[in-house]
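Open your viewer and get ready to click. We will go from the whole assembly to single residues.

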Protein chains: 2
Amino acid sequence: MAQSDTVDRILDAAEELFAERGFAETSLRMITSKAGVNLAAVNYHFGSKNSLIQSVFARFLTPFSATLESEFDELEARPGDRQLTVEEILGALTGSAVRMPQRNEWGISIFMRLLGLAYTQSQGHLREFLEDEYREVFSRFMSLLKRATPELSPVDRYWRIQFMLGATAFTMSSSDALRDILQTKTGVETPIQEIAARLIPFLAAGMQAPELMRTPRAEASVI
Amino acid sequence: MAQSDTVDRILDAAEELFAERGFAETSLRMITSKAGVNLAAVNYHFGSKNSLIQSVFARFLTPFSATLESEFDELEARPGDRQLTVEEILGALTGSAVRMPQRNEWGISIFMRLLGLAYTQSQGHLREFLEDEYREVFSRFMSLLKRATPELSPVDRYWRIQFMLGATAFTMSSSDALRDILQTKTGVETPIQEIAARLIPFLAAGMQAPELMRTPRAEASVI
DNA sequence: GTGTGTTTTAAACATACGTTTAAAGCAAAA
DNA sequence: TTTTGCTTTAAACGTATGTTTAAAACACAC
């Protein structure tokens, strides 16, 4: 085991297995055998499986949120104070994901997939951890989005942010997509940037769609 | 146990627990104790946990897809052959969900949440089962959507359908939302129809957004 | 080289899971 | 009443999980 790179080997293996199979479906024995370390190493270095999960996310999210903050700084410090567009704000997100120092070529895919799982699998401890740890960046993103969509009612804005989150997290967490991506890792690059590029116009258009008119006619066309 | 309503009691309990906690996180012992039946009853009546999961879906999806088929029939049989809109097609989906005979007032929420889980949790057997069982309705929906968005390239249409699915399934499967919905079950009705009503303009706008222009300028604004 | 604090190891622990078994219970037919 | 077929029951099975233990191995300062 050379010198103690045990911690990193565990994090690498866990990250990949979690992304492939989810949290509950990945056992510590799978992780440690893939990492080539002893079973007890996880509890020795991380304390528990739950805090291993949190560590996997922290390793991703801390540099990502730092990059995102500076991306937001740039956007807001531009000459003239014209309004930011939804596209620009969403672009900052994917831009940060791409710019962020990558551990390997399909790092972004795994990152997105894990984010999707985080919201999808009901891991109470993870949700609390993420909300506590990255509250700042998230609320900054929210207020930027609020300024970019002044015409939306708060309740519609709330729901549409949920919709965006859903489209993104779900798409990224679809295991088939991941399989395809990993399968094409022989190609020049992962198509994840392309998915993001296709996603942004969809989200931006949805975000800025006219609000539902509450007339009888519109009502009837909707139920 | 009156007469043998054991099967239904198991299905009811399983459906609710699966929606709350996911498949892997719900044990047969939780299900049978909630249903008030013996542990062995599941394996006796359903054979295995996996086929119990499939039965839960079949009980939902079979009447739903029947309703949806007839809704599609109505749409297509309208006088004059003007083009269907995306809103109308999506409306048929939510319309079917609402019209479908409900077992209880928050049946739709649970139904949507389960659908989200089905795509999200990597249950290979479930995917196969759903694809085999409901292939027809799904491909009919796809071809309707294709006729409603002739300007889209096939690859963009494919991804945008994924995005729609994601926004819907994710929103409906957000456990917080479910908790709120169940919490307000004392109120007049579940707000799920309202969510659907807010969702449709978002999805329709996203679906019909102009495709990404592959010019250097647009490229730069996106990465 | 000895001693010390950290890391790794193999083994066991307690618990939970899905599934199976064999006996008991039960309703309707003979 | 006895028999028959289906259903329910309590108990056990085998396996897998996360976690803990105590000894061994190791690296490094003295």
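This tour covers the two chains, the surface between them and one residue inside chain A. Keep in mind that the model is predicted.

**Stop 1: both chains.** Select chain A and chain B. Chain B can be laid on chain A by a turn of 180° and a shift of 0.1 Å along the axis, with an RMSD of 0.2 Å. That is how a two-fold axis relates two copies.

**Stop 2: the interface.** Now select the residues where the chains touch. Chain A brings 45 residues to the contact, and chain B brings 45 residues. Of the interface residues of chain B, 98% are also interface residues in chain A, so the copies meet through the same surface. Together the chains bury about 4,100 Å², with 65% of it on carbon and sulfur atoms.

**Stop 3: a salt bridge.** How many salt bridges cross between chain B and chain A? The rule finds two. Show the side chains of Arg198(A) and Asp156(B): they form a salt bridge, 3.2 Å from N to O.

**Stop 4: the helices of chain B.** Stay on the side of chain B that touches chain A. Helices supplying at least two residues each include α1 (6–21), α5 (86–99) and α11 (192–207) of chain B. Colour α9(B) next: it gives the most, with 13 residues. This side of chain B divides into 24 nonpolar, 11 polar and 10 charged residues.

**Stop 5: Thr67(A).** Move to helix α4 (residues 49–76) of chain A and pick Thr67(A). Is Thr67(A) buried or exposed? Its relative accessibility is 16%, so Thr67(A) counts as buried. Beyond its neighbours within four places in sequence, Thr67(A) contacts Ser96(A), Arg99(A) and Met100(A).

Methods
Residues are numbered from 1 along each chain as its sequence is written. Chains are lettered from A and ligands numbered from 1 in the order in which they are written. This is a predicted model: local features need pLDDT of at least 70, side-chain atom pairs count only at pLDDT 80 or more; totals for chains, interfaces and linings use all residues. Side-chain values use heavy atoms; hydrogens and water are left out. Copies are superposed by least squares on the C-alpha atoms of residues with pLDDT of at least 70 in both. Contact means heavy atoms within 4.5 Å. Helices (H or I, at least four residues) and strands (E, at least two) are DSSP runs, numbered from the N terminus. Buried means under 20% relative accessible area, exposed over 50%, partly exposed in between (1.4 Å probe, protein chains only). Buried area is the accessible area (1.4 Å probe) that two parts lose on being put together, summed over both. A salt bridge is a side-chain nitrogen of Lys or Arg within 4 Å of a carboxyl oxygen of Asp or Glu. Ala, Val, Leu, Ile, Met, Phe, Trp, Tyr, Cys and Pro count as nonpolar, Asp, Glu, Lys and Arg as charged, and the others, Gly among them, as polar.
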